[in-house]
Amino acid sequence: MKATVQDQYGSADVLELGNVDKPVPKDNEVLVSVRAAGLDAGVWHLMTGLPYLLRLAGFGLRRPKIRVRGREVAGRVEAVGKDVTQFQPGDEMFGICEGSFAEYACAREDKSALKPATLTFEQAAVVPISAPTALQGLRLGNVQAGQKVLVIGAGGGVGTFAVQLAKAFGAEVTGVCSTTKADLVRSIGADDVIDYTRDDFADGVRHYDLILDTAGNRSLSHLRRALTPKGTLVIVGGEGGGRWLGIGRQLRAPMLSPFVSQTLRPLMAKERQEHLQAVRELIEAGRVTPVIDRTYPLSEVPEAIRYWEEGHARGKVVITL
């Protein structure tokens, strides 16, 4: 089958469209004929091998153990393992796998769900990692109706879901983004938008009950200035922590939290079917809609990643097959 593969860590230049064996599902997996695959930050980390801690965590010291890139997937079930009970051939699914930038991929049953009936495959493919991450971040922050919530990186992959989910939970939402994304963030429900190229959200005038930081490069002291005295900060992702650890703020936040009145929490998102199901219900109820900026064919995955790296994507980037 055709697949986007890599045999060394590096930039998008290390990716090639090649031929590999069609995967065989394990007992707890489904074989998926891939129709679309989402591009998330994890793809970049696995491609580059950064931070180095990732390599020590078992992904391969000198080269990636898994050659095929891509994790978010949507497609049609071709075959099921003997222990699978929730899917049968022909079902339309979405979920998380290893190697979705390919014609076929295997996904664990407990990381998959039936595709929302209201979504196309392209829309469904950008949900499985980004939307549950936003959901878990808001839950970790104990979001409540009527609270003032600030979403940093509101125009990005996780941020566009976070804005909509926070609104669905009844919060008053302010999104932080660049000038080019302000109209998008307003269109998905943000009550207010702060253009970080013009204004500082931590100006001492505005304060928020919950800050969800999906951008990952501002200091804890800067973020705390925008919190209420009893507010909560949830840090999503591991950006800006250097080439070795990549999680500097995630380590410092819980160490500082016991000594201040505010709650500072790092998010370590889990990949579970229950989160997919929760998001699926909100999507089918019309409360959440995936935002797609651009689509690329399988042959142009390197170009898709280069575009994503620029940081200008409004929502998500998707690979189509």
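Q: What makes a pair of atoms a polar contact?
A: A polar contact is a pair of N or O atoms within 3.5 Å; within protein, one atom must be able to donate a hydrogen and the other to accept it. This structure is a predicted model.

Q: Why is the link between aspartate 195 and threonine 179 called a polar contact?
A: The side chains of aspartate 195 and threonine 179 are joined at 2.4 Å. The cut-off is 3.5 Å, so the pair counts as a polar contact.

Q: Why is aspartate 195 called buried?
A: Aspartate 195 has 9% relative accessibility. Buried means under 20%, so aspartate 195 counts as buried.

Q: What surrounds aspartate 195, leaving out residues up to four places away in sequence?
A: Aspartate 195 touches Cys177, Ser178 and Thr179. Aspartate 195 itself is in strand E9, where it stands opposite cysteine 177.

Q: How do you know that E8 and E9 are paired?
A: Strand E8 (residues 172-177) is joined to E9 by four bridges, and the two run parallel. Pairing takes at least two bridges, so E8 and E9 count as paired.

Q: What is the order of the strands in the open sheet?
A: The six strands follow the order E9-E8-E7-E10-E11-E12, with parallel pairing.

Q: Why are E9 and E12 called edge strands?
A: Strand E9 (192-195) and strand E12 (263-266) each have a single partner strand, so one side of each has no neighbour in the sheet. On average, neighbouring strands of this sheet are turned by 15 degrees against each other, direction ignored.

Q: What makes strand E10 largely enclosed?
A: In strand E10 (residues 208-213), five of the six residues are buried, so the rest of the structure largely encloses this strand.

Q: How do you know that E10 pairs with E7 and with E11?
A: Strand E7 (residues 148-152) runs parallel to E10 and is joined to it by four bridges. Between E10 and strand E11 (residues 227-235) there are five bridges, also in the parallel sense. With at least two bridges required, both therefore count as pairs. Among the bridge partners, valine 151 goes with leucine 212 in E10, and leucine 210 goes with threonine 232 in E11.

Q: Which helices lie across E7 and E10?
A: Helix H4 (residues 130-140) lies across E7, E10, E11 and E12, at about 150 degrees to E10. Helix H5 (residues 157-168) lies across E7, E8 and E10, at about 170 degrees to E7.

Q: Why is glycine 141 called buried?
A: Glycine 141, in the loop between H4 and E7, has 7% relative accessibility. That is under 20%, so glycine 141 counts as buried. Leaving aside neighbours within four places in sequence, glycine 141 is in contact with Leu210, Thr232 and Val234. Glycine 141 and proline 266 are 125 residues apart in sequence, and their C-alpha atoms are 10.0 Å apart.

Q: Which residues of helix H10 are buried, and what do they pack against?
A: In helix H10 (residues 301-309), the buried residues are Val301, Pro302, Ala304, Ile305 and Tyr307. The buried residues of H10 pack against strands E1 (2-5), E3 (29-39), E13 (292-297) and E14 (316-320), and against helix H1 (41-48). Just after H10, glycine 311 has a positive phi of about 80 degrees.

Technical notes: Residues numbered from 1 in each chain as written. Predicted model: local features only at pLDDT ≥ 70, side-chain atom pairs only at ≥ 80, totals over all residues. Heavy atoms only, no water. Buried < 20%, exposed > 50% of the residue type's maximum accessible area, 1.4 Å probe, protein only. Contact = heavy atoms within 4.5 Å. Axes fitted to C-alpha atoms, helices over the stretch in contact; angles between N-to-C directions.
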